[in-house]
Amino acid sequence: MQDYFSMFSFRAVWTPELIIILILFIFLYYRLVYSKAQTEHIESLKTKRLVYFGGALTAVYLGWGGPLYTAGHSIMTFHMAQMVLVYFIAVPLFILSVPPEVWKSILQRFQGRPARIAAHVFHPVTALLLFNALFSIYHLPGVFDYLMQAPIYHDLYQWMLFGAAFLMWWYMLAPVPTTNQLSELKRIAYIFGNGILITPACALIIFAGSPMYETYTNAAVWSNVMAYCLPAGSELPAGLSGTAGGGLQFMQPHTDQQLAGVMMKVMQEFVYVSTIGFVFKQWLSREKQQDGELSISDIPVHPQK
């Protein structure tokens with residue numbers, strides 16, 4: 001691994017194309033969110049939301065680009081780290097980076113018949129089952145090895161996972177209270193349900209008696225995977241195509257696979273427990289408001305005589 005940065009080109013290691021795309025997203029966020037918040041004096045656009053947005057972009061870059069992207073094709077533990085960064089960190093941070101007032105204005109543009117149809121299609125249970133089903137199917141050995149060698153289908157599948165993750169996190173975080181379809185107690189149960197449904201995929205990876213993925217064990221398959229993951233015009237460094245992983249692996253494939261499954265489950269539990277704490281905080285805040293604590297809007301205004 002010490003020669004990793006010297007083996008591959010700057011473009012292969014640091015993915016400058018993704019950096020450009022993320023810079024465009026920064027511009028869009030400034031125009032559509034930050035400028036709108038400043039113009040309409042939205043008080044909820046605090047520094048923490050800008051930090052959330054920066055964290056989301058960083059997580060997307062590390063998950064879909066940068067050194068982890070190439071290394072994740074040789075080491076499964078790094079691949080799982082990519083999954084955690086994109087679907088369990090970037091997505092919720094992005095949702096939280098947008099003030100509720102902005103989300104409301106976006107949702108208002110989709111009112112009417114399409115919105116009523118979407119309300120039935122994009123149901124909390126649908127989101128729950130969709131994300132966990134897509135995640136589990138993705139990690140079936142045959143599906144995984146096929147997608148890793150089919151870049152177009154792999155990209156489409158990743159965007160499907162991203163969309164399903166967005167819907168799932170939307171119901172867990174409830175960024176717009178007026179459109180929240182689940183009570184706080186149901187949201188906590190919803191989070192527990194997500195943790196249960198993702199367990200079989202992690203258990204399959206952890207407790208398999210041998211390495212399951214040819215991407216990490218078959219030299220010919222690995223060479224094909226790397227040929228697709230490298231930028232157009234780039235060639236696999238000489239001497240790496242003879243063994244699976246190109247000699248970049250620092251542990252046995254079976255151990256790597258088990259560690260990947262354990263890391264995914266542990267990180268997923270950590271994120272979900274943190275989310276439960278977030279929901280509890282929202283719950284307590286709402287209860288305090290309902291208990292009769294006065295806000296500025298509750299103070300009567302007496303006309304001057």
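At what angle do the axes of α11 and helix α12 (residues 184–197) cross? The views below come from a predicted model, and the first of them answers this.

**View 1. The contact of helix α11 with helix α12.** The two axes cross at roughly 145° and come within 9 Å. On the α11 side, the contact is made by Met168, Tyr171, Met172 and Leu173. Helix α12 contributes Arg187, Tyr190, Ile191 and Asn194. By class, the residues of this contact divide into 6 nonpolar, 1 polar and 1 charged.

**View 2. The contact of helix α11 with helix α15.** Helix α15 covers residues 253–290, and its axis comes within 10 Å of that of α11. The axes cross at roughly 40°, which makes α11 oblique to α15. From α11, the residues in the contact are Met168, Trp169, Met172 and Leu173. Those from α15 are Val271, Tyr272, Thr275, Phe278, Val279 and Gln282. This contact has 8 nonpolar residues, 2 polar residues and no charged ones. Met168, Met172 and Leu173 of α11 also take part in the contact with α12.

**View 3. The contact of helix α10 with helix α11.** Helix α10 (residues 141–148) packs against α11 at an angle of about 115°. The axes of α10 and α11 are 7 Å apart. Tyr146, Leu147 and Met148 are the residues of α10 in this contact. They meet Pro151, Tyr153, His154 and Tyr157 of α11. The classes in the contact are 6 nonpolar, 1 polar and no charged.

View 4. The structure has 23 aromatic pairs. One of them joins phenylalanine 94 and phenylalanine 166, with 6.5 Å from centre to centre. There is an angle of 50° between the planes of these two residues, and the pair is tilted. Phenylalanine 94 belongs to helix α6 and phenylalanine 166 to helix α11. They are 72 residues apart, and the pair links distant parts of the chain.

**View 5. The largest cavity.** The structure holds 3 cavities of 30 Å³ or more. The largest cavity contains about 130 Å³ of space. Its lining consists of 14 residues. Which of them lie nearest the centre of the largest cavity? They are His79, Gln82, Tyr138, His154 and Gln158. His154 also belongs to the contact of α10 with α11.

**View 6. Helices around the largest cavity.** At least two lining residues come from each of α4 (47–64), α6 (76–97) and α11 (151–173). Helix α6 gives the most to the lining, with 5 residues. By class, the lining has 7 nonpolar and 7 polar residues, and no charged ones.

Note on methods
Residues are numbered from 1 along each chain as its sequence is written. This is a predicted model: local features need pLDDT of at least 70, side-chain atom pairs count only at pLDDT 80 or more; totals for chains, interfaces and linings use all residues. Side-chain values use heavy atoms; hydrogens and water are left out. On a 1 Å grid over the protein atoms alone, a cavity is a set of points where a 1.4 Å probe fits but cannot get out, and a pocket is an open set with protein on both sides within 12 Å along at least five of seven lines; lining residues have an atom within 4 Å of a point. Grid points are joined across faces, edges and corners, and a volume is the space filled by probe spheres set on the points. Helices (H or I, at least four residues) and strands (E, at least two) are DSSP runs, numbered from the N terminus. Ala, Val, Leu, Ile, Met, Phe, Trp, Tyr, Cys and Pro count as nonpolar, Asp, Glu, Lys and Arg as charged, and the others, Gly among them, as polar. Axes are lines fitted to C-alpha atoms, for helices over the stretch in contact, and angles run from 0 to 180 degrees between N-to-C directions. Contact means heavy atoms within 4.5 Å. Angles under 35 degrees count as roughly parallel, over 145 as roughly antiparallel, 65 to 115 as roughly perpendicular and the rest as oblique. Rings of Phe, Tyr and Trp (its six-membered ring) pair if their centres lie within 6.5 Å; planes under 30 degrees apart count as stacked, over 60 as edge-to-face and the rest as tilted.
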